[in-house]
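I opened my notebook to look up charged pairs and helix faces in this structure. Here is what I wrote down as I went.

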Amino acid sequence: MVFQSSSIGYTIMGKTADLTVVQKTTIDTLHKEGKTQKVIAKEAGCSQSSVSKHINREAKGRKRCGRKKCTSKRDNRTLERIVKQNPFKNVGEIHKEWTAAGVSASRTTTHRRMKDMGFCCRIPCVKPLLNHRQHQKRLAWAKEKQDWTAGEWSKVMFSDESKFCISFGNQGPRVWRKRREALHPRCLKSSVKFPQSVMVWGAMSSAGVGPLCFLRSRVNAATYQEVLEHFMLPAADQLFGDADFIFQQDLAPAHSAKATSTWLKDHGIPVLNWPANSPDLNPIENLWGIVKKKMQYTRPNNSEELKATIRATWAIITPEQCHRLIDSMPRRIAAVIQAKGGPTKY
């Protein structure tokens, strides 16, 4: 076997190597100058047959031929319609429905076409189901707060309850969607608030986190006032000292009860007005998510071990993490306005 080398490339006699971008450019340039194929081959460092094939291919204005696809554009449109109508179905179910429509394709081809269309299998975002009135109230609230700076939000103490399970289990069915479709109504899973389980209460500000409270029973107004007395007030002293602050809470029945409102008023604690069904506006929800993510590989055997794990994970939350979450409030407000009161990515 004879090798011909040059500064640009090489040719194996009897077999043409793939042309590089530099070789193709050299061939095109010399061909336009009217050089012979023999001269071009010598300058480009390839065989005359490679030069001839490249010139002919460029002259015909086409690329290399490949096997014809087994599905038509109409078939592909049918598949896209099926996926959009049933985004929670798996590939096998979608393939079965596609072939039932008269398309002859394998399961692998079905999966490949879905990927070509931009569909990816993802865990669906869980967002509260908002009605029209809640959309309007969220939008009005966001417009009212759109001029608040990150400095003003740093004076707010955010609070919330969250459920922690001994076993986190699987994350449910997945959904087929394209990029930027995470918040499309057909790709969302609706969540229900206040499951019948023991909750953990916590609070945060841009300065860090306050003490946790583990609730042993369903939270009513009386129980919640005990939480405020023994955990919220110490958290306020820890996070704000003698400085003024605004307390944030959602509209859970125990929070919005008349007795609770009276307790807060008697203790001189101003409360931030808050739109219903808006966990995406509360940065402590992201903090709960951080804690649960850090705990996802732990396997406590009982509730006491679970509490110990939560306490240990909560204790390593840094003020910097809290500060970044509070700094996101202006962006959250802008996102609600852009979504016209609808759910946001937060």
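**Entry 1: salt bridges.** I started with the count, which comes to 7 salt bridges. I kept in mind that this is a predicted model.

**Entry 2: a buried pair.** Next I looked up Arg-138 and Asp-280, whose side chains meet in a salt bridge at 2.9 Å, N to O. Arg-138 sits in helix H7 (residues 132-145) and Asp-280 in the loop between helix H11 (258-266) and helix H12 (283-294), so this pair ties together parts 142 residues apart in sequence. Are the two partners buried or exposed? I found both Arg-138 and Asp-280 buried.

**Entry 3: sequence neighbours.** I then checked Glu-144 and Lys-145, which form a salt bridge of 2.9 Å, N to O. Lys-145 counts as buried because its relative accessibility is 2%, and the cut-off for buried is under 20%.

**Entry 4: a network.** I also noted that Glu-80, Lys-84 and Lys-178 are joined into one network by salt bridges that share partners.

**Entry 5: helix H5.** Which residues of helix H5 (residues 91-100) are buried? I listed Val-91, Ile-94, His-95 and Trp-98. They lie on the same side of H5, because their arc around the axis is only 100°. On the other side of H5 I found Lys-96 and Ala-100 exposed. I looked up Glu-97 too: its side chain meets that of Lys-89 in a salt bridge (3.0 Å, N to O). Glu-97 is partly exposed at 27% relative accessible area, and Lys-89 is partly exposed at 29%.

Entry 6: Arg-74 belongs to helix H4 (residues 73-85) and is exposed, with a relative accessible area of 64%.

Technical notes. Residues numbered from 1 in each chain as written. Predicted model: local features only at pLDDT ≥ 70, side-chain atom pairs only at ≥ 80, totals over all residues. Heavy atoms only, no water. Helix = DSSP H or I, 4+ residues; strand = E, 2+ residues; numbered from the N terminus. Buried < 20%, exposed > 50% of the residue type's maximum accessible area, 1.4 Å probe, protein only. Arc of directions from axis to C-beta. Salt bridge = Lys/Arg side-chain N within 4 Å of Asp/Glu carboxyl O.
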